[in-house]
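Keep the structure open as you read.

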Amino acid sequence: MYRFLSIPSKSSSLKSHTLYSHFTSAISSSSLHNPLDSPSNPANPTQTPIGQSYFHHLSGNLASLGSGDGLNRFFSSGCSPSSSNLRKCGRNGIWLPKVEGFVGEFRRFSSESERESMEYDVVIVGAGPAGLSAAIRLKQLCREKDVDFSVCVVEKGAEVGAHILSGNVFEPRALNELLPRWQQEEAPIDVPVTSDKFWFLTKDRAFPLPSPFDNKGNYVISLSQLVRWMGMKAEELGIEIYPGFAASEMLHDADNKVIGIATNDMGIAKDGSKKDNFQRGVELKGHITLLAEGCRGSLSEKIIKKYKLREKGHAQHQTYALGIKEVWEIDGDKHKPGEVLHTLGWPLDHKTYGGSFLYHMKDRQILIGLVVGLNYQNPFLSAYEEFQKLKHHPAIKPLLEGGTVLQYGARTLNEGGIQSIPYPVFPGGAIIGCSAGFLNVPKIKGTHTAMKSGMLAAEATFGVLNDNSNMEAYWDALRNSWVWEELHNARNYRPAFEYGLFPGLAISAFEHYVTKGRSPFTLKHRKPDHEATNVARLHSPIQYPKPDGVLSFDILTSVHRSNTNHEHDQPAHLRLKDPKIPELINLPDYAGPESRYCPARVYEYIADERGEPKLHINAQNCLHCKACDIKDPKQNIEWTVPEGGGGPGYSVM
């Protein structure tokens, strides 16, 4: 399948390139023509050189592909168009690649509602483990049955993997099923776990405990790198991946069925006016839409509410944690590839759920991070500052001394387990991966379950398209899979810690060593995370030590290491439902918790011209972690997608 941009064939990332082909100079800004007419175009186009591309410079008339930035995000596997695979279409006589599938020989464009549209059999939102697994499995089924369904994956990150952050000790079970030759095909999975330690920390001591984790056969990886590799595998199967486009709206037909998504408009100024580079978003329409946005996906949450999927699945509210992570390069004599460490206890108090992780990767790199349950009670707690304290613990500090921080990031994760999984099927599609919430809390793993959910959804989708079955088959397959068995056996671990650290440890030990997940009862979650926050008068402020610039750092230094970037002159994607609540409620009652639960200093109270504190939103700092959308006491903050391509730029997370 031919598209417009290319990536190096051995690249470790799928990036949005801005390389124009040699024939663009012959294309005017007012019209587009067959590039094969260009005298500089080879008579018999062949594979392009590595890193180059043949690229249509589409004019502003084709708003579906966004601004000058937008179309540059379309990419291919390095093939150039030829006369046999191009057809003329559209109101401007645009030359487009032929694509087999329900839309006919070429991708059809329209201009309804002033937005261009592109039609596919399947539209997937999110190029993470679940979304790419779904796309790959669907194309595998197409090959097995000798049919061809068109698949589009839209990704808000500037490149595939740019927004992916995880621990990650990777269990390859789902990957073994999806791509069993991953080892021969050079997947970036090459550091097997060699040791597995579990400590209970006090302020000055580390006490070894029996490890409840069974990581034999697992690997220490960078999930962002694995996702890039999966993106390349997807491309080889003919899947179209469009990084840098943020899905902002669900499309419905007259019967309230989902028929696709729309990306947000580009080139809107902060004041709402249209800039010179304004372009309308594109409608990506499909028979089936799969939402794989990750934890607390903005479209997924709207769909869950619209179709009352929690009620339909008899699910509780979701509960979350915030994970904060750094990648360090340390001295070679301290580095032990494959060593895995988890801790409980300090620096968190006994009423706050959480723990730390420290994994040794390759190339003298380690991953270190802290996970804090967002049902914590103390509004003065800062997960970021707790993480800075952790690095000064006597058992951890010597490892980091002399090292260098390479990258920083943060992301929320679902911890509700099987009790919180909504009914994942809606009219016209399904929710997969962490958008639904398949994390196995006691394992501290969710990538393998997210991937498997995507694979099962793909199989149900194929049945809908090829055999006229229905998407409910996904729900049935999910409940009969090893994913459901895992989550059922793990269901009581996380809610056990609602009773405190030591009761939680006791119940977890009972579940792990005695009943092995077969207890005759299922514990329930208590309050939603935002309701768990106490008013400030019930707690004393926490005095955190100043960063030393060696092991601990101020937030802005860390944010810089995340490679986060947003167009400054655009409307804030973090919206206050009621702009009065921060000053009338959050600040006087909760001491302004926004300035502490955010790990990127997006929110801060600044005195106005009258000396009154006002909430200021630094949206350009946003790491897309979603903590604000979850933890705000009055649920007054709505996280929406910014312009496509904005946000963090993770490469080794």
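## How to read the model

What you see is a predicted model, in which local features need pLDDT of at least 70, side-chain atom pairs count only at pLDDT 80 or more, and totals for chains, interfaces and linings use all residues. Residues are numbered from 1 along each chain as its sequence is written, and side-chain values use heavy atoms, with hydrogens and water left out.

Helices (H or I, at least four residues) and strands (E, at least two) are DSSP runs, numbered from the N terminus. Buried means under 20% relative accessible area, exposed over 50%, and partly exposed in between (1.4 Å probe, protein chains only).

## The largest pocket

Let us begin with the open space. The largest pocket holds about 1,000 Å³. A pocket here is an open set of points on a 1 Å grid over the protein atoms alone, where a 1.4 Å probe fits, with protein on both sides within 12 Å along at least five of seven lines; lining residues have an atom within 4 Å of a point. Its volume is the space filled by probe spheres set on the points, which are joined across faces, edges and corners.

The largest pocket is lined by 41 residues, and those closest to its centre are Pro212, Phe213, Pro442, Lys443 and Tyr493. At least two lining residues come from each of β17 (339-345), β18 (354-360), α11 (482-489), α12 (493-496) and α13 (501-515). Helix α13 gives the largest share, six residues.

## Salt bridges across the chain

A salt bridge is a side-chain nitrogen of Lys or Arg within 4 Å of a carboxyl oxygen of Asp or Glu. By this rule there are 24 salt bridges.

Which residue pairs with Glu486 in a salt bridge? The partner is Lys443, at 2.9 Å from N to O. Glu486 belongs to helix α11 and Lys443 to the loop between β22 (429-431) and α9 (447-467), so this pair ties together parts that are 43 residues apart in sequence. Glu486 is buried at 10% relative accessibility, while Lys443 is partly exposed at 28%. Lys443 was also named among the residues closest to the centre of the largest pocket.

Arg494 and Glu415 form another salt bridge (2.8 Å, N to O). Arg494 sits in helix α12 and Glu415 in the loop between β20 (404-414) and β21 (425-426), so parts 79 residues apart in sequence are tied together. Both Arg494 and Glu415 are buried. A further bridge joins Asp190 to Lys362 (3.2 Å, N to O). Asp190 is in the loop between α3 (173-178) and β7 (195-201), and Lys362 in the loop between β18 and β19 (365-373), so the pair links parts 172 residues apart in sequence. Asp190 is partly exposed at 45% relative accessibility, and Lys362 is partly exposed at 35%. Elsewhere, Arg115, Glu249, Glu283 and Lys285 are linked in a network of salt bridges.

## A buried lysine without a salt bridge

Lys325 lies in strand β16 (residues 320-329). This lysine is buried yet has no salt bridge, and the nearest side chain of opposite charge, Glu326, is 11 Å away. For charge, Lys and Arg count as positive and Asp and Glu as negative, with His and the chain ends not counted.

What does the side chain of Lys325 reach? It reaches the backbone oxygen of Met653, at 3.4 Å. Contact means heavy atoms within 4.5 Å. Leaving aside neighbours within four places in sequence, the contacts of Lys325 include Leu165, Phe357, Gln407, Tyr408 and Met653.

## Two buried loop residues

Ser519 is found in the loop between α13 and α14 (555-561) and is buried, with a relative accessible area of 6%. Its side chain makes a polar contact with the side chain of Glu511 (2.5 Å). A polar contact is a pair of N or O atoms within 3.5 Å; within protein, one must be able to donate a hydrogen and the other to accept it, and residues adjacent in sequence count only if both atoms are side-chain atoms. Not counting residues up to four places away, Ser519 touches Arg491, Asn492, Phe510 and Glu511.

Gly126 lies in the loop between β4 (117-125) and α2 (129-145) and is buried at 8% relative accessibility. Gly126 and Glu155 are 29 residues apart along the chain, with their C-alpha atoms separated by 4.9 Å.
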